[in-house]
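Here is a colleague's note to read beside the model. Keep the structure open and check each point as you go.

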Amino acid sequence: MTTKRFYRRRFLNRRGFHAGAYVLADCQIDVFRPLSGAPQYSIDAQLTVADCGRIATIDFAASDEATARNALHKARLLRDVVVDFTAALEATVDDWRDRQG
């Protein structure tokens, strides 16, 4: 199976808010072709999140089975935390709205 490069760039804020907030996701397979021997493959993947001047990039690169498993573990853990955070933020906004009247 051939994997296409995954590349997404999205602004995080709505129009009218700070334009420097964004998320950038890039995932692809790199190939190294030595002069002799079989090609060598690795995973090149990063997730960058920026908000108002602060930038964080998380590396998910992998070149062997152990680092691939760890990269998947990191990505899945982040996904779960973001889903749980979104639910908590929704509940907090609802509570805040109720208190505002």
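**Notes on the chain**

1. Helices here are DSSP runs of H or I with at least four residues, strands are runs of E with at least two, and both are numbered from the N terminus.

2. A word on the source. This is a predicted model, in which local features need pLDDT of at least 70 and side-chain atom pairs count only at pLDDT 80 or more, while totals for chains, interfaces and linings use all residues. Residues are numbered from 1 along each chain as its sequence is written, and side-chain values use heavy atoms, with hydrogens and water left out.

3. Now the layout. The chain has 1 helix and 4 strands. From the N terminus, the order is β-β-β-β-α.

4. Look at the overall form. The radius of gyration, taken over C-alpha atoms, is 19 Å. A compact globule of 101 residues would have a value near 13 Å, by the rule of 2.2 Å times the number of residues to the power 0.38. The C-alpha atoms fill a box of roughly 70 × 30 × 25 Å along the principal axes.

5. Helix 1 covers residues 65-100. Its 36 residues reach 52 Å from first C-alpha to last, close to the 52 Å expected at 1.5 Å a residue. The expected span is 1.5 Å times one less than the number of residues. Asp64 caps the N-terminal end of helix 1, with a side-chain oxygen 3.1 Å from the backbone nitrogen of Ala66.

6. Next, the strands. Two strands pair if DSSP finds at least two bridges between them. Strand 1 (residues 6-11) and strand 2 run antiparallel and are joined by 6 bridges. Phe6 has Cys27 in strand 2 as its bridge partner. Strand 2 and strand 3 also run antiparallel, with 11 bridges. There, Val23 is partnered by Val49 in strand 3.

7. Strand 3 (residues 40-51) pairs with strand 4 (residues 54-59) in the antiparallel sense, over 6 bridges. Val49 stands opposite Ala56 in strand 4. These two strands form a hairpin with 2 residues between them.

8. Most residues other than glycine have a negative phi. Cys52 counts as partly exposed because its relative accessibility is 38%. The cut-offs are under 20% relative accessible area for buried, over 50% for exposed, and partly exposed in between (1.4 Å probe, protein chains only).

9. Is Asp26 buried or exposed? Asp26 sits in strand 2 (residues 22-32). Asp26 counts as buried because its relative accessibility is 13%. Its side chain makes a polar contact with the side chain of Arg5, at 2.8 Å. A polar contact is a pair of N or O atoms within 3.5 Å; within protein, one must be able to donate a hydrogen and the other to accept it, and residues adjacent in sequence count only if both atoms are side-chain atoms.

10. Finally, Leu72 in helix 1. Leu72 is partly exposed, because its relative accessible area is 44%. Leu72 and Phe60 are 12 residues apart in sequence, and their C-alpha atoms are 7.9 Å apart in space. For the chain, buried residues make up 10% of the 101 residues.
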